[in-house]
Amino acid sequence: MSRYFDALETRSQDEREAALARDLPAVIARALTAPGLAAHLGPVDPAAITSRADLARLPLLRKSDLGAAQKAAFPFGGLTAKPAHAFAHIFQSPGPIYEPGDVSADWWRMGRFLHACGVGPGDIVQNCFGYHLTPAGMIFESGARAVGAAVLPAGTGQTELQVRAAVDVGTSVYSGTPDYLKVILDKAEEMGERLAITRAAVGGGALFPSLRQEYADRGIACLQCYATADLGNIAYESPAMEGMILDEGVIVEIVRPGTGDPVPEGEVGEVVVTTLNPDYPLVRFATGDLSALMPGVSPCGRTNARIRGWLGRADQTTKIKGMFVRPEQVAAFVAAHPEVKRARVIATRDGEMDVMTVRIETEATDTRRFAGGVVEALKLRGAIELVAPGSLPNDGKVIEDLRSYG
């Protein structure tokens, strides 16, 4: 098996940016054929969107926007470039939110991740992602098909039958959530059976270092990906296990929560993804997840940018003194004060009363100059603390709730 899935993984940065300049106008033009996306994007000339900076001027699309659009026009809210009956599958995720799916070559781009896991012809993948309504099972099955592996569509549950099937068919690869493999392995030991699984491709939950080490101790190399039902694969680990490499079929931005403004490399922010999928060309889809771009490239030789993986949720909306405070309000305050680098709202309690403190990174020394702006943006009065630029933690938080709800 070749070291890389295809030549795209080892392109130079210049080649990758040239491809982006070529592909972006086509993606925008395709998105404008979907009435829901056209209404969301507003007047835009696809030919004028040829760079990441151009892309960053377009509005964000959020999960809540999908739900609202779908309620107005089932099942896909006018956000797909072809009608629902033209897709191979229609899935339902909690919400409910409906997602399209297709069986054309590696539609969710999961093959790249499975190839990095060392999966290929001769392997049998026991796919323990769900096949009922939600798309995860089909997403990983599509990836296995792309690398030439056979699939045992196991789904979830019935652990004894999972063990029996793994033994009987000679499963060599597990795909599923990180923790369910341990359930299968423990049940196999209880049953006195020895499994042939040597690789695991996981997603949909946190892969804790201790669990990865337990699998390694059992002779199983475990790698994880970052994917969503709407976008497919976004990023994935390689055997180097230094961050998660961005997939070649998406454009990823890290933006300041509450805004669509990209943050500097290394700063934690919200993951925003534009997919190059012509059937479902989501533009600047805000995932609600936090991550950060890493410097350099992976030691494995893949040259695309990397992210640090999942670092929490960007939606930090908090109710203080009976009023909701949202990340976009904090962003509005920062935007209105050029001398402010960053700001963080901190919610605490004093006895039975809520307390709001606004911590501001600035060279300024007089808190009074910001009091009016805080009230205007947040609609609440609070204590103001001025701190030196670079003092606030690099964790993507602009609202921090320190109150105990126990």
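Me: Before we get into volumes, what counts as a cavity here?
Reply: A cavity is a set of grid points where a 1.4 Å probe fits but cannot get out. Keep in mind that this is a predicted model.

Me: OK, and how many cavities of 30 Å³ or more are there?
Reply: The count comes to three. The largest cavity has a volume of about 170 Å³. Of the 17 residues lining the largest cavity, the closest to its centre are Arg 256, Arg 342, Ala 343, Lys 397 and Val 398.

Me: Which helix and strand each supply at least two residues of that lining?
Reply: Helix H10 (327-336) and strand E18 (340-350) each do that for the largest cavity.

Me: Switching to H7. Which of its residues are buried?
Reply: In H7 (residues 159-169), the buried ones are Thr 159, Gln 162, Val 163 and Ala 166. Looking down the axis of H7, those buried residues fall within an arc of 95°, so they line one face of the helix.

Me: What do they pack against?
Reply: Strand E4 (124-127) and helix H8 (180-191) are what the buried residues of H7 pack against.

Me: And which exposed residues sit on the face turned away from that buried side?
Reply: Leu 161 and Asp 168 are the exposed residues carried on that face of H7.

Me: What follows H7?
Reply: Gly 170 does, and its phi is positive, near 80°.

Me: Let's go to strand E6. Are its faces covered or open?
Reply: Both faces of E6 (residues 173-176) are covered. Val 173 and Ser 175 are buried on one side, while Tyr 174 and Gly 176 are buried on the other.

Me: How many bridges does it make with E4?
Reply: Three, with E4 and E6 paired in the parallel sense. Val 125 has Val 173 in E6 as its bridge partner.

Me: And with E7? How many bridges there?
Reply: Four bridges join E6 to E7 (residues 199-202), and these two strands run parallel. The partner of Gly 176 in E7 is Val 202.

Me: Last one: is the β-α-β unit of E6, H8 and E7 right-handed or left-handed?
Reply: Right-handed.

How values were computed:
Residues are numbered from 1 along each chain as its sequence is written. This is a predicted model: local features need pLDDT of at least 70, side-chain atom pairs count only at pLDDT 80 or more; totals for chains, interfaces and linings use all residues. Side-chain values use heavy atoms; hydrogens and water are left out. Buried means under 20% relative accessible area, exposed over 50%, partly exposed in between (1.4 Å probe, protein chains only). The arc is that of the directions from the helix axis to the C-beta atoms. Contact means heavy atoms within 4.5 Å. Two strands pair if DSSP finds at least two bridges between them. A crossover is right-handed if, with the strands pointing away from the viewer, the path from the first strand over the helix to the second runs clockwise. On a 1 Å grid over the protein atoms alone, a cavity is a set of points where a 1.4 Å probe fits but cannot get out, and a pocket is an open set with protein on both sides within 12 Å along at least five of seven lines; lining residues have an atom within 4 Å of a point. Grid points are joined across faces, edges and corners, and a volume is the space filled by probe spheres set on the points.
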